[in-house]
Protein chains: 2
Amino acid sequence: MAEQEKDAALPSKENFSEWYNDLLLKGEIMDVRYPVKGLYVWFPFGFNIRRNVYDIMRRLLDKDHQETMFPLLIPENEFMKEAEHIKGFEDEVYWVTHGGLTPLDVKLALRPTSETAIYPMYKLWIRSHADLPLKLYQIVNTFRYETKHTRPLIRLREITSFKEAHTVHATWDDAAAQVDEAIRIYTDFYRQLAVPVLASKRPDWDKFPGADYTIATDALMPDGKTLQVGTAHHLGDNFAKTFDITYEDAEGEQVYAHQTCYGVSERSIAALISIHGDDKGLVLPPAVAPVQVVIIPIIFKKAEGVLEACEEVMNKLEAKGIRVKMDASDERPGAKYYKWEMKGVPVRLELGPRDLKNNAAMLARRDTGEKQQVSLDTIVDDVSSMLDDIHDSLYEKAKESIYSRVFDCESLDDVRENLPKGIAKIFWCGNKECGLKLEDDIGAGILGIPTDQEECKGKCPVCGADADTKVYVARTY
Amino acid sequence: MAEQEKDAALPSKENFSEWYNDLLLKGEIMDVRYPVKGLYVWFPFGFNIRRNVYDIMRRLLDKDHQETMFPLLIPENEFMKEAEHIKGFEDEVYWVTHGGLTPLDVKLALRPTSETAIYPMYKLWIRSHADLPLKLYQIVNTFRYETKHTRPLIRLREITSFKEAHTVHATWDDAAAQVDEAIRIYTDFYRQLAVPVLASKRPDWDKFPGADYTIATDALMPDGKTLQVGTAHHLGDNFAKTFDITYEDAEGEQVYAHQTCYGVSERSIAALISIHGDDKGLVLPPAVAPVQVVIIPIIFKKAEGVLEACEEVMNKLEAKGIRVKMDASDERPGAKYYKWEMKGVPVRLELGPRDLKNNAAMLARRDTGEKQQVSLDTIVDDVSSMLDDIHDSLYEKAKESIYSRVFDCESLDDVRENLPKGIAKIFWCGNKECGLKLEDDIGAGILGIPTDQEECKGKCPVCGADADTKVYVARTY
């Protein structure tokens with residue numbers, strides 16, 4: 001599609017924003033030319049990555065959650081029930097006002113998130129202690145009328161791939177444990193994308209509207225900004241009171257349930273392509289690559305048996321469950337390399353007449369560019385272990401990249417100096433004023449309190465007061 | 001969920017409409033209590049069926065289509081480009097008019113179908129002959145402001161599971177061949193759901209707005225009405241002209257492309273549960289059953305080894321890829337049978353102390369109720385072949401049911417007499433007036449011209465003129 005625009009090289013990744021936009025087109029992830037601001041089209045190749053990413057999510061959740069689906073449209077009266085929630089979303093909600101030429105009696109909101117669609121049903125479904133815990137999730141499109149600058153996969157008016165889980169528990173503590181479990185699931189999910197994340201508890205003024213508290217996971221992007229790629233909210237019994245979700249406890253009393261919700265979106269894909277990609281294009285972790293191995297037959301004049309040998313290797317790899325593609329087109333090998341490197345295929349397998357004579361093939365790793373000659377007798381195992389190595393190596397490299405960019409800072413000058421590179425870690429006295437002053441003074445706010453916080457004592461660099469809490473400070477998307 | 005409402009028995013299937021509504025709740029397919037007319041909630045069990053059904057569809061399409069995703073919201077100016085298309089949909093379109101409190105500059109339609117969202121992009125993507133054929137599909141929610149009586153899975157305001165394919169071809173003939181291919185794919189899809197369908201070409205006044213012609217597949221419901229469960233449209237170059245989709249042909253000329261589109265919705269699930277279900281509840285074809293085998297340990301006082309034996313059988317079946325569930329709860333066996341019969345589980349496996357002594361287990365088929373004792377040594381093969389038998393037997397029974405309810409009719413009285421039971425087949429002179437008169441006179445219209453039509457000669461029973469075409473006449477959903 002649109003071949004001529006794709007021939008030019010990518011801009012350097014150092015110009016991250018330009019590189020990212022260009023990669024979306026050349027890597028065939030998303031087309032940004034849809035005629036409505038903030039709405040984008042998935043190219044089939046990008047959608048294939050999405051399928052693999054969400055299959056990983058499903059496998060993780062299906063252990064003890066169930067998938068379901070609720071309507072997109074929420075009647076105004078239900079949507080308006082929870083006061084905090086409305087305040088958080090009212091500027092961002094798309095409203096359906098007409099069916100055909102007829103004005104609707106009750107306006108319908110396009111869900112920005114589904115609490116107010118789901119919880120009226122939970123009221124009907126939950127009767128007794130035996131119905132708890134209830135853990136459901138759905139993967140759906142949601143809508144936010146973003147007035148800020150929109151950006152594909154990152155800040156969207158239609159989030160096409162919102163995975164939202166909604167759980168109900170007997171006690172506040174059970175719900176708190178589920179929030180921790182959600183963060184563990186997300187960390188595992190991102191590990192499978194080779195994306196390390198930092199988990200932190202958001203400051204009170206940045207929690208989900210209507211929640212007791214919010215814990216979020218952030219990835220660190222190449223430009224030093226953090227990207228919030230997962231959130232888990234403890235809803236206490238706030239929504240239960242609004243939507244009258246009660247259960248009969250052991251004493252026969254009707255008591256309010258406690259709830260959580262947690263979500264991940266296609267930002268997961270923004271993070272993985274941004275963190276792993278390079279100046280040649282996508283670099284995909286094998287778990288999500290639509291094509292894990294591309295076979296390039298090297299065919300000269302006398303190429304007897306090469307195609308057959310390639311097909312045999314392809315069949316063997318496929319039998320092992322590896323996603324393989326053979327590119328036997330007429331293009332020059334160089335053009336093929338360029339194309340499949342752009343698409344991030346983890347392993348390229350070249351096989352020509354000389355290799356065949358040696359009963360061998362050449363493997364080239366997309367991530368490091370390293371080449372390795374392997375025997376056709378052991379090629380399936382060699383490819384499998386190379387795929388494993390690629391995953392591990394991408395993950396290690398990404399961990400090194402994020403951990404080396406978290407800077408312990410003692411003064412605001414320190415913070416100012418380090419923020420362009422990544423995340424600052426400072427003491428915080430716990431006062432909102434200091435958090436907001438930080439935003440005013442240096443244009444970057446408190447991200448949150450690390451969930452792995454250890455005991456410590458120091459001074460808040462904003463007000464100088466004693467502090468026993470450290471926080472991440474970052475520029476965010 | 002809502003256990004107390006589910007204890008009462010189902011109404012007899014002879015009261016189809018009542019039975020259907022009750023089955024949706026008791027079989028845990030859909031909850032109809034969502035507070036907006038025409039919008040429903042998938043129970044997790046129903047959604048699990050949906051996953052299996054759409055996995056079958058994906059496997060069929062992925063052979064030579066690619067999955068993708070386009071935005072839900074279509075700007076008014078694009079939506080209004082194709083005159084026929086607008087006429088067909090303008091009364092049914094939901095309009096988004098506000099983002100937050102701000103009126104939008106351009107109204108946005110919720111897609112009723114995606115031609116007008118997709119084709120502006122096809123214009124950008126298609127340049128030359130080498131880009132053709134292009135075959136994409138998406139599985140998305142679509143919206144119709146239905147003013148008729150809504151019904152879960154059948155007539156919805158949010159179709160949550162619309163699989164729509166959109167293909168582009170060089171010539172009209174290529175597109176026509178693709179329409180035939182679509183009908184073959186759908187017939188195969190429905191065969192895997194054990195649902196036989198009839199394919200027929202819709203009369204001109206019933207084709208898709210903007211199409212050259214439409215071929216559709218229909219299932220026959222227990223009440224004798226047909227349910228349109230798949231449509232394939234030849235769009236000619238009508239949309240290509242509207243959206244300026246051209247390609248460079250071999251002579252270097254820019255010429256208009258030819259297009260098709262074809263769709264299937266959750267009506268597929270309405271058909272399969274309606275056709276196979278009985279007075280005890282769901283009867284699910286093994287291919288789509290969330291649980292294919294339920295194991296009931298029969299535990300008396302001395303039940304040594306029974307649970308262990310059940311677990312061993314469960315592990316063996318799971319290793320074979322069979323979806324198994326063990327119900328070792330405290331309920332009486334009778335209550336368990338009732339519950340899993342309602343859920344349509346194809347095979348029940350009972351194993352008690354006496355069975356264990358005989359190295360055997362009892363298999364019970366959901367579809368026929370037949371029981372069969374099998375040896376634990378051969379149980380995996382026995383269960384596998386029973387699952388295959390159940391599929392075949394459901395399909396044969398459904399074929400017998402539909403074919404025995406297609407009635408060759410010579411007169412309108414004949415038609416009137418047979419229509420309550422199923423489909424009438426009559427000669428048709430080809431005049432629209434006769435088609436419409438049929439609707440006026442007997443309240444049932446021409447469904448379409450069978451695609452397997454053979455040469456024949458007769459008289460149109462409406463006007464008496466010579467006719468060489470037969471048509472299906474039916475009451476439809």
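This is a predicted model: local features need pLDDT of at least 70, side-chain atom pairs count only at pLDDT 80 or more; totals for chains, interfaces and linings use all residues.
Trainee: Through which surface do the copies meet?

Mentor: They meet through the same surface, because 100% of the interface residues of chain B are also interface residues in chain A.

Trainee: Into which domains is chain A divided, and what does UniProt list for it?

Mentor: The assignment gives domain 1 (3-276), domain 2 (293-401) and domain 3 (406-474), and the C-alpha centres of domain 2 and domain 3 of chain A lie 47 Å apart. Separately, an unreviewed UniProt entry lists residues 38-285 of chain A under "domain: Aminoacyl-transfer RNA synthetases class-II family profile". Over residues 38-285 of chain A, the chain is 31% helix and 32% strand, with its end C-alpha atoms 27 Å apart.

Trainee: Which way do the side chains of β17(B) point, and are they buried or exposed?

Mentor: In a regular strand the side chains alternate between the two faces of the sheet. Here V347(B), L349(B) and L351(B) point one way from β17(B), whereas R348(B) and E350(B) point the other way, and all are buried. Strand β17 of chain B, residues 347-351, is accordingly described as mostly covered, with five of its five residues buried.

Trainee: Which strands pair with β17(B), and in what sense?

Mentor: Strand β15 of chain B, residues 293-297, runs parallel to β17(B) and is joined to it by five bridges; P297(B) stands opposite L351(B) in this pairing. Strand β18 of chain B, residues 360-365, pairs with β17(B) in the antiparallel sense over four bridges, and there E350(B) has M362(B) as its bridge partner.

Trainee: Turning to chain A, where does T368(A) lie, and what does its side chain reach?

Mentor: T368(A) lies in the loop between β18 (360-365) and β19 (371-375) of chain A. With a relative accessible area of 41%, T368(A) falls between the 20% and 50% cut-offs, and so counts as partly exposed. Its side chain reaches the backbone nitrogen of E370(A) at 3.2 Å, and a polar contact of 3.5 Å joins it to the side chain of R365(A). By contrast, K357(A) is 11 residues apart from T368(A) along the chain, and their C-alpha atoms are separated by 27 Å.

Notes. Residues are numbered from 1 along each chain as its sequence is written. Chains are lettered from A and ligands numbered from 1 in the order in which they are written. Side-chain values use heavy atoms; hydrogens and water are left out. Helices (H or I, at least four residues) and strands (E, at least two) are DSSP runs, numbered from the N terminus. Buried means under 20% relative accessible area, exposed over 50%, partly exposed in between (1.4 Å probe, protein chains only). A polar contact is a pair of N or O atoms within 3.5 Å; within protein, one must be able to donate a hydrogen and the other to accept it, and residues adjacent in sequence count only if both atoms are side-chain atoms. Domain bounds come from an automatic or database domain assignment. UniProt positions are given in the numbering used here, feature names are shortened, and annotations may be inferred rather than shown by experiment. Two strands pair if DSSP finds at least two bridges between them. Contact means heavy atoms within 4.5 Å.
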